[in-house]
Amino acid sequence: CRVSVFSVGSELSSTEGQASQWRAIVAEVRQHFSGELTYSANWDHYENVPIWKELDYIGLSAYYELAETSSPTLKELIEAWRAVRKKLLAWRKQAGLLERPLLFTEIGYPSIDGCASKPWNYTLLDKPVDLREQELCYRAFVSAWDGCPELGGAVFYEWWGQGGRSDKGYTPRGKPALRVLRDWFRAE
């Protein structure tokens, strides 16, 4: 098995208060898996996950609302991502988790107008295609987090789907956003 990181759960907010059960799950997984562990907390519900100290990464889905209106500028999006970064790093320090890198377990933007305002809302596909806004959201993420030693990694959502210039889905395949991700990974 060539899996290096395993997530013990994803966005199970209603169960996160069950600390003893979660600790038992982590202990059980560690008996069978020698790699690193994370849990994927929801972007707006991560502060009180009781098992961060038992894990190797602080896992977060990253559907942060970066803009209040459609057609935000790259500068506005970068500033929004930098504010998120500042808040996360301050929380990480305050929580005593400095040895735990952040791992964005999901980052994604549908290629629709307004995707920066509610990237988590996949039901808004009645909006017009906007490849530029999707691309700018990825550029802003890369700009805010590139070279940040506290970032342990990022998983981009999602690859499947038709792709291409008329596709409204999350996939960057066949869209300008793909170039942003390729350039970033090539530079690493």
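Reply: What follows is a set of questions and answers on a predicted model.

Me: What makes β3 and β4 count as paired strands?

Reply: Two strands pair if there are at least two bridges between them. Strand β3 (residues 58-61) and strand β4 (residues 102-107) have four bridges, in the parallel sense, so they meet the cut-off of at least two.

Me: Why are β1 and β5 called edge strands?

Reply: The open sheet has five strands in the order β1-β2-β3-β4-β5, with parallel pairing. β1 (5-10) and β5 (151-156) each pair on one side only, and they are the edge strands. From one strand to the next, the twist averages 25°.

Me: Why is β4 described as mostly covered?

Reply: Five of the six residues of β4 are buried, and buried means under 20% relative accessible area. The chain reaches β4 from β3 through helix α2 (residues 74-94).

Me: What makes that crossover right-handed?

Reply: Point the strands away from you and follow the path from the first strand over the helix to the second; if the path runs clockwise, the crossover is right-handed. The β-α-β crossover from β3 through α2 to β4 is right-handed, which means that its path runs clockwise in that view. β4, helix α3 (residues 131-145) and β5 also make a right-handed β-α-β unit.

Me: How do you know what length to expect for helix α4?

Reply: The expected span is 1.5 Å times one less than the number of residues. Helix α4 (residues 176-187) has twelve residues, and the expected value is 16 Å. From first C-alpha to last, α4 reaches 17 Å, close to that value. Its buried residues include Leu 178, Leu 181 and Trp 184, and α3 and β5 are among what covers the buried residues of α4.

Me: Why is Glu 11 called partly exposed?

Reply: Glu 11 has 32% relative accessibility. Buried is under 20% and exposed is over 50%, so a value in between is partly exposed. Glu 11 lies in the loop between β1 and α1 (19-32).

Note on methods:
Residues are numbered from 1 along each chain as its sequence is written. This is a predicted model: local features need pLDDT of at least 70, side-chain atom pairs count only at pLDDT 80 or more; totals for chains, interfaces and linings use all residues. Side-chain values use heavy atoms; hydrogens and water are left out. Helices (H or I, at least four residues) and strands (E, at least two) are DSSP runs, numbered from the N terminus. Axes are lines fitted to C-alpha atoms, for helices over the stretch in contact, and angles run from 0 to 180 degrees between N-to-C directions. Buried means under 20% relative accessible area, exposed over 50%, partly exposed in between (1.4 Å probe, protein chains only). Contact means heavy atoms within 4.5 Å.
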